[in-house]
Amino acid sequence: MFHYHPIMPSLHICSLILFSVSAVFSSPVGRDSVCGYKSCPATKPSMLNVHLVPHTHDDVGWLKTVDQYYYGDQNNIQHAGVQYILDSVVDQLQKDPARRFIYVEIAFFYRWWKQQDQKTRRIVTQLVNEGRLEFINGGWCMSDEATTHYSAVIDQMTLGLRFLNDTFGECGRPRVAWHIDPFGHAREHASVFAQMGYDGFFFGRLDYQDKYRRMSTKEMEMVWRASESLKPPVADLFTGVLPNGYNPPAGFCWDQSCDDAPIRDDPDLEDYNVDVIVRDFLRAANIQATYYKTNHIIMTMGSDFQYENANLWYKNMDKLIKYVNALQANGSKVNVLYSTPSCYLQELNLANLTWPMKTDDFFPYADNAHDFWTGYFTSRPALKLYERLSNSRLQTCNQLEVLGGPKSRSGPFGEGDSDTMKRAMGVAQHHDAVSGTEKQHVANDYAKRLARGWAHCEVLIRNSLAVLSGSEAPRVFCENLNISVCPLTESSHKFSMNVYNPLARAVSWPVRLPVNGSQYSVTNANGKTVNSQVVPLSKSTKEVRRNRGYAKGELVFQVEAPPLGYTTYVISLLQKEPPEDNTEHGAPPSIQNKFLKVTFDNNTGLLKSLTNLETQQTIQLSQNFYWYNASAGNNYESSQPSGAYIFRPNSSTPFIINKTAQIEVVTVSGVVQEVTQWFSPWVSQVVRLYEGRRELELEWTVGPVPVNDGLGKEVITRFDTDIQSSGYIYTDSNGREVLERRKDYRPTWDLKQSEPIAGNYYPINSRAYIKDDKRQLTVVTDRSQGVGSIYNGSLEIMLHRRLLYDDYRGVGEPLSEPGEFNDGLAVRGRLLLTLTPPDQAADIHRPLAQGMVLQPLLSFQDGTPSTNGKLEFFGLQAALPPAVHLLTLSQWDKNSILIRLEHQYEAKESKTYSQPVTVNLKMLFSTFKVLGASEMSLGANQWKEDMTRLSWNNETNVKPFPVSDKDPSPWEVTLNPMEIRTFLLQVQQ
């Protein structure tokens with residue numbers, strides 16, 4: 001591989017390096033630095049070593065906003081102030097070199113660091129260099145694992161890791177991933193951590209039945225094989241379950257927020273309690289040791305927003321260590337020490353034991369028989385979509401920053417940046433953000449941050465498109481196209497539309513623009529007329545839109561956009577009268593294009609069947625909308641209500657919203673065929689088949705959900721088919737690899753099922769499917785949702801939730817979103833359905849899901865495009881091969897860019913594409929020359945050649961085979977199925 005090492009604060013490179021060198025990646029570590037594993041305290045091999053880990057868990061928003069938590073504002077909601085925690089800990093660490101502390105959430109640490117003077121920064125750097133203050137995990141936040149997309153997770157980790165690397169160098173690099181609070185754990189997260197170079201992973205929450213079994217068999221620690229496609233041990237990760245969630249053992253919390261007794265060690269004073277405290281501690285340590293394999297155990301000494309007055313903790317822990325260890329003189333075999341998760345991990349590694357193997361994941365999570373944390377898979381569905389769209393916009397913003405060069409950041413439209421959006425998206429991945437488990441005012445704050453980030457990106461994108469097109473005419477973005485609002489298209493007689501495609505392959509995409517005319521001419525960049533149709537606006541769209549727009553119809557046509565580039569369409573009004581309502585009413589027998597045929601039941605108006613005309617396959621397919629009555633917590637089995645986290649229906653049988661669908665509108669044209677189904681005043685759907693497309697689109701609109709009957713509602717759509725699925729359903733993990741799920745079953749323990757619906761729900765981020773030997777029905781989603789297969793051949797997706805009670809998990813308010821007009825939230829979304837033979841399914845659903853995640857960005861200019869403007873732009877020299885996805889293209893510093901190339905197929909899912917594929921880095925881009933390339937870890941904080949991880953013995957004893965095949969040449973890189981490769985390119989623009 002050609003290497004060059006970027007110019008870092010400590011390193012000056014005079015000439016281009018095009019050969020392998022061993023150089024420091026970032027600011028050098030001081031000569032007297034002893035960080036990482038070298039800084040670990042000595043332990044005693046013949047004793048039980050108790051590793052005390054002082055820590056704080058600082059939610060990046062939950063009951064208070066990020067800002068309120070940082071400053072310690074609004075303490076009437078919750079007493080918490082992160083700035084004081086860091087002040088206090090740094091002060092206390094200086095008092096004794098034995099003391100340790102770990103810090104996790106870089107979104108907070110970054111703010112605090114910016115406000116410190118040089119003296120404090122020098123002190124902190126020394127603490128880091130000596131391993132006394134250690135960063136663990138190191139992402140911008142501690143991400144949720146059920147409702148996040150892998151691309152956004154990788155981005156937020158990269159953001160935090162880069163700050164640590166730029167600030168502290170190698171001593172700032174975390175060795176351990178730490179997800180002590182997320183509510184269930186995704187296999188793809190473990191795979192990502194492994195590929196980022198982490199040696200181990202610790203978490204706090206797992207299903208109560210799973211935990212009980214693991215404790216009894218001493219399997220609380222394991223090797224997690226997190227990919228079926230990547231060669232071991234690339235995605236293998238040592239994983240440990242913490243004993244007390246992330247709290248101290250009972251009786252040993254010495255924070256100002258706790259009531260436990262301090263250690264009173266003056267024998268002349270009342271209530272001397274050293275003997276009692278030591279006795280209780282030894283008992284707790286010995287009990288805990290019975291659940292773990294080695295003579296080392298870990299205790300998390302801290303909890304939510306603790307250590308605001310760190311003196312209380314350290315003073316008492318100092319005494320605890322002193323008095324427990326003093327008993328060793330009398331034969332005690334317990335040794336207590338200040339430690340960190342990485343020092344504990346190192347001891348487990350040195351024990352050289354064989355560890356059990358885990359290959360599935362940790363969903364769903366229940367903390368009691370009727371308390372399944374499966375509601376948050378869907379909670380706050382509008383925020384979940386906004387986060388996903390924001391991810392798409394951020395990738396577009398990053399790409400155009402690179403393609404447009406320096407003028408994109410400072411150009412004709414002012415100063416723009418991508419950093420504001422990167423930080424907003426970093427915060428949005430937090431396990432109380434996109435998860436939907438925060439208070440309403442905090443959800444509003446997350447949305448506001450994303451909007452602010454987008455405003456900064458808009459300026460950058462306007463500048464970049466002005467550079468690339470040569471036109472500085474004003475450009476507008478229409479953010480409300482999903483409810484048919486766009487003032488420019490509604491009023492203009494002639495306008496142009498720029499379509500930027502962030503994917504590295506050409507796309508065809510249906511566009512719907514709100515208009516008031518009845519006929520338009522649409523021409524592409526070559527002046528060729530494009531087939532278009534004006535369709536009337538549905539009643540449901542008018543109701544959702546209210547007074548925000550006044551379009552009477554939608555202009556529908558298909559756009560074709562080049563890979564990583566844009567094209568331009570010119571739209572001119574031909575006929576002004578509003579669109580004629582030439583639509584039919586009543587269910588049509590069928591609609592079809594050349595790939596699919598959909599039939600409707602004449603009596604009910606519901607879907608009846610779906611046929612793939614290419615493979616001549618048909619399934620019976622009925623679809624309807626239902627709601628589960630959310631438990632109010634007042635039944636004899638349990639007092640647990642449904643809430644933001646927990647899904648607990650009162651009954652296993654949902655209420656049907658309507659047995660029939662009223663057919664409101666039927667439109668048949670050369671561009672699109674659509675049938676609008678009306679189920680109730682708060683549920684409707686459009687069934688759409690676009691010309692030339694292999695998927696059926698269902699656009700659902702749900703809400704405001706009525707609750708004046710006093711019943712909380714969990715709204716689902718269910719597909720009932722004649723596919724013989726035998727209780728199996730397949731769901732994606734964070735949008736990547738797919739896991740097999742079986743009804744009422746867990747691969748690692750004998751499940752006692754106590755919630756037949758909620759206990760069979762799983763998270764999906766982009767797809768789920770059911771199949772038999774010959775047929776597979778795949779559903780691609782536009783956001784993270786909960787899914788289940790309760791009956792043979794059925795697949796149900798939860799779309800919306802509106803609840804009347806809090807579920808007692810701390811958020812302290814019911815999940816009842818007011819929406820913009822304070823009468824409840826209306827939500828609209830899309831599901832894409834494909835029917836294929838199972839062995840051909842991935843060839844369609846993989847690109848379909850990537851297209852849903854990275855959508856074309858539309859921008860509009862009034863009038864005719866300028867004659868000297870460039871109507872098309874190609875950012876790549878050629879489209880990437882179909883199996884390859886350009887995951888990242890981002891400016892790193894002045895002369896270097898970060899790219900990630902991803903093989904988007906699993907090892908066995910496609911006859912055509914599950915093969916190694918080679919890409920030439922030098923021949924990729926059209927706007928700049930690639931001079932050098934260095935491969936990095938997935939988190940972009942280590943050179944790949946320097947990346948070494950601890951190795952572990954596991955039960956399967958598969959010999960680790962060679963990690964990657966040789967690349968054909970220094971510029972040509974080969975990607976194996978599911979492999980992501982990360983490169984820093986030195987470029988000349």
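Student: What volume does the largest cavity have?

Tutor: The largest cavity has a volume of about 100 Å³, and this value, like the others in our discussion, is computed from a predicted model. As a general idea, rolling a probe the size of a water molecule over the atoms shows where empty space is left. Applied here, the count comes to eleven cavities of 30 Å³ or more.

Student: Which residues lie nearest the centre of the largest cavity, and how many residues line it?

Tutor: The lining is made up of 13 residues, and those nearest the centre are S469, S471, Q861, K870 and L871. By class, the lining of the largest cavity divides into eight polar, three nonpolar and two charged residues. Among the elements, strands β14 (494–501) and β19 (565–575) each supply at least two residues of that lining.

Student: How many aromatic pairs does a search of the whole structure find?

Tutor: A pair of aromatic rings is described by the distance of the centres and the angle of the planes. The search of the whole structure finds 48 aromatic pairs. One of them joins F252 and F281, with 5.4 Å from centre to centre and 80° between the planes, an edge-to-face arrangement. This pair links distant parts of the chain, since F252 sits in the loop between β7 (236–241) and α8 (274–289) while F281 belongs to helix α8, 29 residues apart. Both F252 and F281 are buried.

Student: Which parts of the chain does the pair of W454 and F477 tie together?

Tutor: The rings of W454 and F477 also form an edge-to-face pair, with 5.5 Å between the centres and 75° between the planes. W454 lies in helix α13 (residues 440–469) and F477 in the loop between α13 and α14 (487–491), so the pair ties together parts that are 23 residues apart in sequence. Both W454 and F477 are buried. W454 has a further contact, as R393 lies over the face of its ring at 4.8 Å from the ring centre. Elsewhere, K358 lies over the face of F362, at 4.0 Å from the ring centre.

Student: Which residues do ring pairs link into a cluster?

Tutor: The cluster consists of Y103, F109, Y110, W112, W113, F135, W140, F163 and F168, linked by ring pairs.

Student: Turning to the strands, is β23 mostly covered or mostly open?

Tutor: In a regular strand the side chains alternate between the two faces of the sheet. Strand β23 (residues 617–629) is mostly covered, with ten of its 13 residues buried.

Student: How many bridges join β22 to β23, and which residue is the bridge partner of S609?

Tutor: Strand β22 (residues 607–612) runs antiparallel to β23 and is joined to it by four bridges, with Q620 in β23 as the bridge partner of S609. The two strands form a hairpin with four residues between them, and in the turn Q616 has a positive phi of about 60°.

Student: How many bridges join β23 to β29, and how many join β23 to β24?

Tutor: Nine bridges join β23 to strand β29 (residues 713–721), and these strands run antiparallel; within this pairing, Q623 has F719 in β29 as its bridge partner. Two bridges join β23 to strand β24 (residues 655–656), again in an antiparallel arrangement, and here W627 stands opposite F655 in β24.

Student: Where do cis peptide bonds occur in the backbone?

Tutor: Most residues other than glycine have a negative phi, and most peptide bonds are trans. In this model a cis peptide bond joins P232 and P233, with omega of about 5°, and P233 lies in the loop between β6 (221–225) and β7. A cis peptide bond also joins G703 and P704, where omega is about -10°, and P704 is placed in the loop between β28 (696–702) and β29.

Student: What phi does N137 have, and is N137 buried or exposed?

Tutor: N137 has a positive phi of about 70° although it is not a glycine. The residue is found in the loop between β3 (133–135) and α5 (150–168). Buried means under 20% relative accessible area, and N137 is buried, with a relative accessible area of 0%.

Student: Where does K218 lie, and what is its relative accessibility?

Tutor: K218 lies in the loop between α7 (208–217) and β6, and has a positive phi of about 55° although it is not a glycine. With a relative accessibility of 34%, K218 counts as partly exposed.

How values were computed:
Residues are numbered from 1 along each chain as its sequence is written. Side-chain values use heavy atoms; hydrogens and water are left out. On a 1 Å grid over the protein atoms alone, a cavity is a set of points where a 1.4 Å probe fits but cannot get out, and a pocket is an open set with protein on both sides within 12 Å along at least five of seven lines; lining residues have an atom within 4 Å of a point. Grid points are joined across faces, edges and corners, and a volume is the space filled by probe spheres set on the points. Ala, Val, Leu, Ile, Met, Phe, Trp, Tyr, Cys and Pro count as nonpolar, Asp, Glu, Lys and Arg as charged, and the others, Gly among them, as polar. Rings of Phe, Tyr and Trp (its six-membered ring) pair if their centres lie within 6.5 Å; planes under 30 degrees apart count as stacked, over 60 as edge-to-face and the rest as tilted. Buried means under 20% relative accessible area, exposed over 50%, partly exposed in between (1.4 Å probe, protein chains only). A charge sits over a ring if NZ of Lys or CZ of Arg is within 6 Å of the ring centre and within 35 degrees of the ring normal. Two strands pair if DSSP finds at least two bridges between them.
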